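Keep the structure open while reading.

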Amino acid sequence: MGLFKRKQTTPLFSILGTDMHCHLLPGVDDGSRDISETIACLRTMAAAGFRKVYLTPHFQANYPNNEDDIQQRFQKLKAELKHYEGLPEVAGVSGEYRFDQYFCRRPGIDKVVPLPGNLLLCEFSLHNQSFIPIDTFLEFQKLNYTVLLAHPERYPYLGPHSPEIKKMKEHGILFQVNILSLNGFYGQIALEKGFEYIENNWVEYLGTDMHNTHYAQELIHTTENRRVKKMLEKHTFRNSSL
Ligand SMILES: [Fe+2]
């Protein structure tokens, strides 16, 4: 045996284990274009410490996916992934539902497919602040869904001090911050808001929002981020419960 043994390090995001927000179902939205890109992203996620992944394709006006088609595509992907080793388990498919006028008029609104625990991943428009349907969130809460708001740090018109944000927290809406936000991927403002939400103990989940290999590279860079490492020592999240 050599005198110097290579130090074994645990990948940073092992502590989370599960990712519940990514766009790796090939060819259905602005995420991975094909199976090879999906596999490349999954490999990188494994290297960063993720062991389990739930796919969340967009459901919004410009990606009018429907749950039946998404299920079929998911089963096809699962069959393909059997030929590969060392990837995180792709445990299920749900959606990232954009709550806008389209969603509220959408036929089949009752068909939404939640994450385990009846968790419904939702987002608003990133640019149009005229429609923040908190009342619709509350309707879903009454139907026993738990609303999980994706990346609250990314909405330019919302911040930790916005009345709408406070109202959501008061009504039990959960928040999921994007890991890449904390490395500056979406700019300095999103970075600072992301950390502020976490410091306020308002964040229950961290997600990758992985779309393609560009995001995957950023995820690897984020594993070296000291502020993120320190934050993970101090705060706990619910990812591993999924
Ligand atoms: Fe997303």
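Two strands are taken to pair if DSSP finds at least two bridges between them. The model is a predicted one, and residue numbers count from 1 along the chain. The strands concerned, S6 (residues 119–123) and S7, pair in the parallel sense over 4 bridges.

From S7 the chain crosses to S8 through helix H5 (residues 163–170), and this β-α-β crossover is right-handed. S7 and strand S8 (residues 174–178) run parallel and are joined by 3 bridges. Within that pair, Leu149 has Phe175 of S8 as its bridge partner. S8 is in turn joined to S9 by 3 bridges, again in the parallel sense, and here the bridge partner of Gln176 is Tyr205. Tyr97 stands opposite Cys122 in S6.

These pairings belong to an open sheet of 6 strands, whose order is S3-S5-S6-S7-S8-S9 and whose pairing is parallel. Its edge strands are S3 (58–59) and S9 (205–207), each of which pairs on one side only.

How buried is S6 within this sheet? Of its 5 residues, 5 are buried, so S6 is largely enclosed by the rest of the structure. In a regular strand the side chains alternate between the two faces of the sheet. In S6, Leu119, Leu121 and Glu123 lie on one side and Leu120 and Cys122 on the other, and with all of them buried, both faces of the strand are covered. Strand S7 (residues 146–150) is mostly covered, with 4 of its 5 residues buried.

Apart from neighbours within four places in sequence, Cys122 is in contact with Tyr97, Phe99, Val147, Leu148, Leu149 and Ala150.

The model has another open sheet, made of 3 strands in the order S1-S2-S4, and its pairing is parallel. Strands S1 (18–19) and S4 (89–93) stand at the edges with a single partner strand each, so one side of each has no neighbour in the sheet. S1 and strand S2 (residues 52–55) run parallel and are joined by 2 bridges. Asp19 stands opposite Val53 in S2. Helix H2 (residues 67–81) packs on this sheet, where it touches S2 and S4, and its direction makes about 170° with that of S4.

Now take the protein as a whole. It has 8 helices and 9 strands, and 34% of its 242 residues count as buried. Among contacts with a separation of 6 or more, 79% come from residues 24 or more positions apart. For 242 residues, a compact globule would have a radius of gyration near 18 Å, and the protein, at 18 Å, agrees with this. Taken along the principal axes, its C-alpha atoms fill a box of roughly 65 × 40 × 30 Å.

Terms used
Predicted model: local features only at pLDDT ≥ 70, side-chain atom pairs only at ≥ 80, totals over all residues. Contact = placed C-beta atoms within 7 Å. Axes fitted to C-alpha atoms, helices over the stretch in contact; angles between N-to-C directions. Buried ≥ 20, exposed ≤ 12 C-beta atoms within 10 Å, placed from the backbone. Right-handed = clockwise from strand over helix to strand, strands pointing away. Rg over C-alpha atoms; globule rule 2.2 N^0.38 Å.
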